[in-house]
Amino acid sequence: MRFTWFNLMPWPHLPDDFREKHRSVWVDIDSRLYDPVKGHEVYNNYLDLLEYADTLGFDGIGINEHHQNGYGLMPSPNLIAAALARRTENAAIVVLGNSIALYNPPIRVAEEFAMLDGISGGRLVAGFPVGTSMDTNFCYGTIPALTREKYNEAHELIIRAWTEDEPFAFNGRYTKLRHVNLWPKTVQKPHPPIHIPGGGSVETYDFCLDHTYSYSYLSFSGYKRAQSLMEGYWNRVGERNADNSPYRAGFAQTVFVAETDEEAERLYSEHAFYFYNRCLHVFPGFADAPGYRTIKTLQTGNVNQYSRTVAPPLTWKDLVDGGYIIAGSPETVRQRMEHLIKSLHVGNIFLLLHVGNMPVNKCMYSTKLFAEKVMPHLRDMFPEHADDNRFWASPLPKRAKPAPLPAGFGTEPLPVPQAVPAK
Amino acid sequence: MIDLIKLPTHHGEIHVLQGGTGKDVVFLHGASGLEADNPFLVKLAQKYRVTAPLLPGFGESAECASIRDMQDVTLHTLDVLEALGLKKPILAGHSMGGMIAAEMAAVAPNEVDKLVLIASAGLWIEAYPAPDIFSLLPKEFPPLMFHDAEFGQKVMTADININDPAFLIPFLVNNSRTMGMAGKFLFPIPERGLKDRIHRIKARTILVWGDSDRIYPAPYAHAFKDAIPGAELVIVAEAGHMVPIEKPNPVIAAIGRLG
């Protein structure tokens with residue numbers, strides 16, 4: 001199993017009446033709700049938490065890209081990843097991912113991911129989302145019906161740039177480059193493993209299978225509601241006669257751990273409500289720009305999780321029973337996680353252990369309990385696939401560590417200043 | 001009586017509505033599409049021979065993925081007129097259709113000599129930013145598109161029930177086909193450089209605008225008037241952006257100024 005401690009980096013200071021007074025947490029969120037001085041603290045807290053997860057033995061630490069979004073403070077996840085690459089040692093850095101259609105030219109993604117892979121010594125797991133309609137179309141202006149074509153072209157350019165050693169000309173419709181010659185290149189060969197976050201587009205299933213990429217379903221509605229979508233994916237895997245390694249799939253789940261089920265409710269319910277009621281308050285008009293989703297996908301009825309105004313779950317019991325969250329004592333969480341892993345057949349789990357406006361101390365508490373009392377019991381769920389490393393980072397065995405600055409660094413002594421001879 | 005013509009084009013098969021007798025008027029519809037029983041079209045066909053090509057993705061016209069931008073759709077529509085043997089018709093367009101018609105007149109100034117732009121898209125005035133029609137909810141359209149929101153409601157949303165999956169999926173598919181295509185010219189800002197080409201228009205031009213157009217308000221009408229030499233502006237009272245539906249007679253009368 002691969003457990004990634006994932007942080008969306010939500011803004012934790014949305015007002016109590018956010019839902020009533022504001023139409024959307026995304027795209028046209030009132031920018032006056034952001035306080036840069038508080039933001040300084042929030043960013044540093046979130047970096048601390050990601051770094052903390054590395055010390056507890058999580059396989060990965062995960063981040064993603066959103067724009068103009070009250071629950072995501074990472075328009076540039078690569079900046080966060082760069083900071084993490086220096087202060088973490090072992091965890092894979094899972095950037096899930098860069099919306100590659102939005103980078104102009106997209107060679108920028110090949111460069112930055114190569115830099116991250118270099119700095120981290122091959123710890124990068126690269127995500128290539130098409131990007132939500134909110135980000136891609138409404139915030140970044142990509143024409144909805146051309147989004148996928150632009151994405152596919154960007155993907156081709158990045159993979160060629162990573163894998164070809166001779167300079168080449170790239171005559172794309174959206175990007176034309178006469179001299180593609182990537183410098184630097186990735187540590188991992190032929191390139192870092194790639195995960196594709198998807199929301200039920202059938203085209204994305206095939207794209208993952210064509211290229212041996214892992215399909216990640218990053219929903220916030222939990223494992224019970226994910227059943228039919230993941231079944232669709234595994235059916236497609238079967239139809240294509242691909243092996244059914246659970247590492248072909250990833251799933252995001254909100255999790256809270258405490259000593260007892262009661263303590264979990266007492267400690268965490270306000271933060272769960274904050275997330276589900278305020279952070280997911282997206283104006284439905286921004287959910288799916290017409291043309292963004294393919295006709296084929298629309299016909300399957302897998303409409304976006306934001307596109308219908310559904311009343312948010314109101315009670316802790318709703319959240320737990322509906323499977324939105326997995327919460328409780330280590331034993332309760334272990335049982336539910338086991339059920340999730342088996343029923344969805346997923347090897348990559350993205351754990352949302354920081355939720356909404358959760359303060360650092362509670363998050364550390366829940367995280368530590370998960371790492372020590374839950375994770376070890378879930379390690380060997382798929383022993384027959386234990387050797388499948390196709391979908392995970394392969395770091396260098398010997399990696400550089402940040403130098404202890406006050407003690408001095410480097411292997412050679414510094415030059416001794418010479419007195420300037422008097423004339 | 002409006003007939004349907006199936007026309008093969010370089011990009012795929014499209015459907016064309018045609019009816020009536022008299023001088024040729026070509027009508028290019030807006031992003032809300034056009035059906036054979038459209039009351040404006042039916043009235044127009046009582047006076048002219050009307051030809052209304054359905055843009056790719058609209059009605060039964062193929063989606064034509066190879067149409068990606070303004071140049072593609074402009075040349076496509078010129079090709080459609082040629083294939084239909086229409087020489088120098090009165091070329092009229094509403095909203096997005098006006099934008100395409102204006103481009104055609106700018107790109108082929110010697111082939112378009114009579115132009116009618118009705119509540120046309122194509123320019124952008126920073127002080128009067130057009131609403132983002134791609135993020136509107138169905139119920140938000142009528143008050144923006146019509147002078148009389150109640151009438152608009154009846155026309156636009158009477159049969160919409162998004163809580164019924166049997167309705168929702170075909171609705172989303174159609175919306176994706178039509179607005180997906182419209183987005184290639186209108187998203188995220190309905191301006192594709194017409195201002196740099198509009199000076200090439202030689203056609204005698206009539207501009208028709210509803211006096212309460214809340215998509216492209218009056219300054220847009222004046223911007224077109226200023227940019228096209230000799231253009232005449234007809235303001236229609238008590239009409240919004242959907243002026244052909246709301247007040248068909250004055251629109252047809254304005255077209256009549258060209259013959």
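1. Helices are DSSP runs of H or I with at least four residues, strands are DSSP runs of E with at least two, and both are numbered from the N terminus. By that naming, Pro188(B) sits in the loop between helix 6 (165-186) and strand 7 (204-210) of chain B. Its peptide bond from Phe187(B) is cis, with omega near -15 degrees.

2. A word on the model. It is predicted: local features need pLDDT of at least 70, side-chain atom pairs count only at pLDDT 80 or more, and totals for chains, interfaces and linings use all residues. Residues are numbered from 1 along each chain as its sequence is written, chains are lettered from A and ligands numbered from 1 in the order in which they are written, and side-chain values use heavy atoms, with hydrogens and water left out.

3. Chain A has a cis bond too. It joins Lys189(A) and Pro190(A), with omega about -5 degrees. Pro190(A) lies in the loop between strand 6 (176-180) and strand 7 (194-198) of chain A.

4. Look also at Met9(A). Its phi is near 60 degrees, a positive value in a residue other than glycine. Met9(A) belongs to the loop between strand 1 (2-6) and helix 1 (18-21) of chain A.

5. Now the interface. Contact means heavy atoms within 4.5 Å. On that rule, 25 residues of chain A touch 21 residues of chain B. The buried area is about 1800 Å², and carbon and sulfur atoms give 72% of it. Buried area is the accessible area (1.4 Å probe) that two parts lose on being put together, summed over both.

6. What charged pairing crosses the interface? The rule finds 1 salt bridge between chain A and chain B. A salt bridge is a side-chain nitrogen of Lys or Arg within 4 Å of a carboxyl oxygen of Asp or Glu. Here the partners are Glu149(A) and Arg68(B), at 2.6 Å from N to O. Side chains of opposite charge can pair when their charged atoms come close.

7. On the side of chain A that touches chain B, two or more residues each come from helix 5 (133-139) and helix 10 (295-299) of chain A. Helix 10 of chain A gives the most, with 3 residues. That side divides into 13 nonpolar, 7 polar and 5 charged residues. Ala, Val, Leu, Ile, Met, Phe, Trp, Tyr, Cys and Pro count as nonpolar, Asp, Glu, Lys and Arg as charged, and the others, Gly among them, as polar.

8. Over all chains the structure holds 35 salt bridges. One of them pairs Lys401(A) with Glu89(A) at 3.9 Å, N to O. This pair links distant parts of the chain, 312 residues apart. Lys401(A) is in the segment after helix 13 (360-374), and Glu89(A) is in the loop between helix 3 (77-87) and strand 3 (92-95) of chain A.

9. Finally, the cavities. On a 1 Å grid over the protein atoms alone, a cavity is a set of points where a 1.4 Å probe fits but cannot get out; lining residues have an atom within 4 Å of a point. Grid points are joined across faces, edges and corners, and a volume is the space filled by probe spheres set on the points. The count is 2 cavities of 30 Å³ or more.

10. The largest cavity has a volume of about 90 Å³. Its lining has 13 residues, and Leu28(B), Pro53(B), Leu54(B), Leu55(B) and Thr77(B) lie nearest its centre. The lining divides into 9 nonpolar, 4 polar and no charged residues.

Note on methods
1 Å grid on protein atoms, 1.4 Å probe; cavity = no way out; pocket = protein on both sides within 12 Å on 5 of 7 lines; lining within 4 Å.
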